[in-house]
Amino acid sequence: MEKFRANLMLCAGTGCVASGTMKVKKALQEELRKRDLDEEIKIVLTGCNGYCAEGPVMAVYPDEVFYQKLTVEDIPKLVEEHFLKGRPYQKLMFKEPEKKTAIPMMKDIPFFKHQVLRVLRNKGLIDPEKIEEYIARDGYQAAAKALTQMTVEEIIKVVKDSGLRGRGGAGFPTGLKWEFASKVKSDVKFMLCNGDEGDPGAFMDRSVMEADPHSVIEGMIIGAKAIGAHHGYIYVRAEYPLAVKRLQIAIDQATEAGLLGKNILDTGFDFELEIYQGAGAFVCGEETALMRSIEGKRGMPRPRPPFPAHKGLWDKPSVLNNVETLAQIAPIIINGSEWYRSLGTEKSTGTKVFALTGAVNNVGLVEVPMGIPLRTIIYDIGGGIRKGRKYKSVQLGGPSGGCIPESLLDTPVTYEDIVATGAIVGSGGMVVMDDNTCMVGTAKFFLEFTADESCGKCTPCRVGTKILLDILTDITEGRGKEGDIETLQDLGRDIITTSLCGLGQTAPNPVLTTIKYFREEYESHIKDKWCKAGVCRNLVTFWIDEKLCKGCGACLRACPSKAIVGEKKKPHKIIQELCVHCRTCYETCKFKSIRILPAGYESGPSELVEVTATEGETTKGEA
Amino acid sequence: MPRLTIDDLRKIKEKHKADFTLREGGYRAKVTVHMGTCGIAAGARNVMTALMDEITKSNVNDVIVTTSGCAGLCAREPLATVEIMNKPPVKYCDLNDEKIREIFKEHVLGGNPVEKYALVVGSETTY
Ligand SMILES: Cc1cc2nc3c(=O)[nH]c(=O)nc-3n(C[C@H](O)[C@H](O)[C@H](O)COP(=O)(O)O)c2cc1C
Ligand code: FES
C-alpha cells in the first residue's frame, strides 16, 4: 500500500464548496503533480469544518497547520513553500481579528481551542464518502458491541445513565424515550432520524450529516436494536442536497458491507434504512407532523397523546431522534455513561453543538461542554463583537427561543438555566446581536417566520401569531399605541397555553423575552417614535452633530439620495426632506458625528445636545 | 466491498493506520528533510523519495516525514533530522539515497543512531 507523508484535509462542506473548494482541489492536484509530490501528499475531501465563513479551509497533517480563504492563485506558492520547502505559508494562515500575526497550529486558534469534539469527532478528519475512513476511527465498533455483547436493557441503561437529552429542541431524555418504545409490543416499529433542521441560521445537523453521515447511521442501528425496530427513515429537507447525497452514499456503503440490511455483522439483526426528503417546512420538524409527511400526507401535527412511542409512523410504535442526538450514541456505548457525564452538569450532561452567527468575529460551528457560560462562547470562541461594537443580546433557540441581555451573559448553557431566562437551548442556533440591532425589529423578524410557517390547523397559532405580527409591524412603523405592550404579553401567554404543537407553544418567546429585557426600547418606539438603533425607518431622524463633523465629505459621497450638503472642512448638513433613512451616512462616518434622533426632529443644535445626552444615558441603562 | 465481520472492522482500522497517525498525531518517530533551495539543489528530493520508498516497503505506520526550510548549514546539505519520541534529535548531513536508507533501517527502525553520518546530537528540535 502506498504511504503518504502528509494529508491535506480540504473542506468540501456546502459552505466551502460554494466558495470554491473544487477549483482549489484541481489546482492543488495539478501543482502537486507538477512538482512530483502527488505520490507523497494526499488530498482528502472532508465534510464541513464549521468554519464556513473563512472558506475554503484546509488543515495540513501532520503539521497541524490550518489554512483559510484559499484561492486558485495562491496554490503554486503554497505548494512550493509548505509542501516542498516545509515552510507554512503565512499569508493564508488564520489570523486573530485584532492582531496581525499568523497562527499556524489548529490547537492554538482560539476558535478551536475551547471546543470539545464528541459529536464532531470526525469533523475534518475523514472523507465522509469513504466508509473505511469512518471505520478507521473506530466506526461501527459501538454497533458491533451493542449487537453482540449487550442486551436491550443494557443499551437503554447506559444511554439513560449518560443523561443524554434530545438535541432537537425539547431536551427529552433519550434513554427514557427508547425505553417507552421498547416496552410497547408490536411486530413493526420504526426508528427515525430528524434531519429537518428548520431553524433559520442553524446548520449543526447539516454539518454532521455532511461530515460524518455514518455516525448518524450507527446511532440509528443501536437505537433500532434498543426499541426493536427493523425499519428506519432519515428525514432530511430537500434544501440539503449535499447531506442527502452523502447520507445515500453512506447507506449504500453500509448496506454493501453488511452493516445495514439483513443479518447485520452476522448477528441475525435486521435494519433497513431509507432517506425521506422533506419539502422544507418548519412545522415538518415537529414529530407528529414529520411522521405524517413520511406517510405521504400533508405535514400537520396532531394532539399527543397518543405519543409516537405508542402510535407513530403508520400508527406503529416509533422513536424520532435528532441528528446530533444520534451522533452522540456510539461514543456512549464505547466509553460508558460515566465518561459521558464527565462533561456538563448534573442535569445537562455532555456536549452540545451550536451554530454561532451574527455580530461576532468568528462565526461557525462550535461544540462545547454544557454548562459553559454564554460569555465564554461569545468572547473566547467567538472572539468578541465585530468591529469593536457593543454587545446587545444573543438569540438562542431560533424562532422558539428568546433574546438574552448582557446582564445574563454569565448564565451557564444548560437546559434549565437557559429556560429560566425565557429563551431555550433549542437546537443550538445562537445569533449574536450588537448595538446596531433593534430588538422590536428582531422580535418581528421571528414572528414573520412563525406566522408564515404556522400550518394553520389550530386557531391560537394561526390567528394569534398573525395578530402579534400586526402589532409589532405597527410599532416598528410608527403606529404603536398605549397598551400594545400589554396586549402582546397577554396574547403571547394565551398562544403558549392553547396552541396544538410546539410551534405555537413557543412562537411568542422572542416577543416576550424582548419585552422582558428591552421594554424601554418598545416604549421609546411607541411613545417617542424613536428607534434608538436607527433601524426602523419611520422612527428616526439622522442629524449631523456640527461639533463633531470634520467636513471630510465621506457621508456626502456615500449618500445614495444626495441628501447631504456642505463645504469641505466645514460641518455638513442633512436635508431632511431628501433623507430616506438608509443609515449609510451613519455607517460611513468615522467621527461618530451622525446622531440618531426621534422621528420628526427638527430643532437646532442647542437641543441636539440635550437629546444626545439622554440618549447616552438610556444606552447605558440598557446595557 | 464484501460483507464485513467484526474482525474485518479491526483489520480495516489497522490498514488505515498510517493516514490516521498523520492526522491524529501519536507517532513514534519523525524524520525532517531540509528542503531549502540549497537542500533541493544538493539532492534533497532524492533523499525524500528514497525515504518514502523505505517507509512504504517496511510497512511501518508510526513514522512521519516532514520537510522544513534550510537548516543553515548549506555546505553539508542534504540534511535530515531524525527524532525518536523522547530521545534527542539527531541531525545527519551530506546525505544521499543509500545513506538515508541505511539511517532509516538502523536508526528509525532499529533505534541506533548511525554515528558515521551524524552531524550533531541533541540540537534544537525543528518544527
Ligand atoms: C415546530 C417544530 C419544529 C421542529 N423542528 C425540528 C427540527 O428541525 N429538527 C429536530 O431534530 N427537531 C425538531 N423539532 C423537535 C421534534 O419534534 C422532536 O422533539 C425531536 O426531533 C426529537 O428528537 P430528540 O429527542 O433527539 O431531540 C421541532 C419541533 C417543533 C414543535
Ligand atoms: S463548509 Fe467548509 S467549514 Fe463549513
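In this predicted model, a backbone N or O atom of A:Arg167 lies 3.3 Å from an oxygen atom of ligand 1. A backbone N or O atom of A:Glu287 also lies 3.0 Å from an oxygen atom of the ligand, while in A:Asn194 it is an N or O atom of the side chain that is 2.9 Å from a ligand oxygen atom. Taken alone, ligand 1 exposes 610 Å², and the protein buries 89% of that area.

**The shell around ligand 1**

- The elements of chain A that give two or more residues to the shell around ligand 1 are β11, which covers residues 318-322, and α20, which covers residues 502-506.
- The largest share of this shell comes from β11(A), which provides 3 residues.
- There are 18 residues around ligand 1, and those that come nearest are A:Gly168, A:Lys177, A:Asn194, A:Asn322 and A:Thr325.

**Strand β12 and its partners**

- Strand β12 of chain A, residues 351-358, is largely enclosed by the rest of the structure, because 7 of its 8 residues are buried, that is, under 20% relative accessible area.
- With strand β13(A), residues 364-369, β12(A) pairs in the antiparallel sense over 6 bridges, and the two strands form a hairpin with 5 residues between them.
- With strand β16(A), residues 429-434, β12(A) pairs in the parallel sense over 4 bridges.
- A:Leu356 stands opposite A:Gly364 in β13(A), and in β16(A) the bridge partner of A:Leu356 is A:Met430.

Note on methods
Residues are numbered from 1 along each chain as its sequence is written. Chains are lettered from A and ligands numbered from 1 in the order in which they are written. This is a predicted model: local features need pLDDT of at least 70, side-chain atom pairs count only at pLDDT 80 or more; totals for chains, interfaces and linings use all residues. Side-chain values use heavy atoms; hydrogens and water are left out. A residue is near a molecule or strand if one of its heavy atoms lies within 4 Å of it. A polar contact is a pair of N or O atoms within 3.5 Å; within protein, one must be able to donate a hydrogen and the other to accept it, and residues adjacent in sequence count only if both atoms are side-chain atoms. Accessible areas come from the Shrake-Rupley method with a 1.4 Å probe; for residues, only the protein chains shown count as cover. Buried means under 20% relative accessible area, exposed over 50%, partly exposed in between (1.4 Å probe, protein chains only). Two strands pair if DSSP finds at least two bridges between them.
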